[in-house]
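Thanks for making time this morning.

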Amino acid sequence: MKEAKGKKMVVFLDYDGTLSPIVEDPDKAFMSTEMRAALREVAKQFPTSIISGRSRDKVKEFVQLNNVCYAGSHGLDIMQPPKSCDKKGNEGAFQPAKLFLPAIQEISMELEHKIGETQGAKIEDNMFCISVHYRQVPPQDQGNLKEKVKSVVENRPEFRLTEGKMVLEVRPSMEWNKGDALNYLLHNLGFSNANDVLSLYIGDDQTDEDAFKVIAGKREGFPIVVSSIPKETKAWYSLRDPSEVLAFLLRLAKWNKSQASFLQLDYV
């Protein structure tokens, strides 16, 4: 509250593990009605964006809000935000990895051929990122699955393999991450050179560390990690789980409303 006085706040969030719990089936990572209502209220008051590893369309399908900007594939597929970020989501998209699409489709088909019949494995096409979920793969088969995925990527230097929470991800080997997506969105919102802006980023994944690093480097904002256990991170603050994220968002919206009411009364 002290740091935000007289400044504009911009809100960025991850999806899985932040706005929704981590679940066994990634297709069932639904956000609660309460979380959606809280996010809607926050987005009414602050420019709000979700930067997820999932496809942009999939996250929008889960969230179901038009006053939020969406960036999918770890920031490789960004909805062009209007100035207020509250219009319909059909303004076009910024896709720095568009040339990789044919090769990504080839990799997806090869992965389907190699591991498609592996018990419990799920291949998720996130447009510019292919996620191989193995949370439901028997422990004794997980090592073999990882080797098969590595074999698909190892002879393709234009792609890299990263690992998250029980998921392997194939992405283009290019200098672009969630931190770059954050900067891009700030620029398109007209905030890139402003010194009266506080960026707030909440996320739980290793890929969110790039966004934490950007905010920490600016020394203007709040990088917040979602974790129930101590971990090495570039974030300055933490929330334990999505239920604490919900409580935080509700309090943020309530605080801003009270500030607006106070200023209005003071003016009168």
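Where the two touch, domain 1 contributes 17 residues and domain 2 contributes 16 residues.

Let me stay with that interface for a moment. Between them, domain 1 and domain 2 bury about 1,400 Å², and 51% of that area is on carbon and sulfur atoms. Three salt bridges are counted between the two domains, and on the side of domain 1 that touches domain 2 there are seven charged residues, alongside five polar and five nonpolar ones. A salt bridge joins the side chains of Arg-54 and Glu-124, with an N to O distance of 2.9 Å. Seven residue pairs are also found in polar contact across the interface of domain 1 and domain 2.

Turning to the whole structure, the search gives 15 salt bridges. One that I would point out pairs Lys-7 with Glu-220, whose closest N and O atoms are 3.0 Å apart. Lys-7 sits in the segment before β1 (8–13), while Glu-220 is in the loop between α6 (209–218) and β11 (221–226), so this pair ties together parts that lie 213 residues apart in sequence.

Finally, a word on confidence. The chain has a mean pLDDT of 89, with 92% of its residues at 70 or more. Strand β12 (residues 237–239) has the highest confidence, at 97, whereas helix α7 (residues 242–267) has the lowest, at a mean of 77. Over residues 83–90 pLDDT stays under 50, and the model has 12 contacts beyond four places in sequence for them; over residues 262–268 it also stays under 50, with zero such contacts. Where pLDDT is low, the predicted coordinates should not be read in detail.

Definitions and conventions: Residues numbered from 1 in each chain as written. Predicted model: local features only at pLDDT ≥ 70, side-chain atom pairs only at ≥ 80, totals over all residues. Heavy atoms only, no water. Contact = heavy atoms within 4.5 Å. Buried area = accessible area lost by both parts, 1.4 Å probe. Salt bridge = Lys/Arg side-chain N within 4 Å of Asp/Glu carboxyl O. Polar contact = N/O pair within 3.5 Å; in protein donor to acceptor, adjacent residues only side chain to side chain. Nonpolar A, V, L, I, M, F, W, Y, C, P; charged D, E, K, R; others polar. pLDDT = per-residue confidence, 0-100. Helix = DSSP H or I, 4+ residues; strand = E, 2+ residues; numbered from the N terminus.
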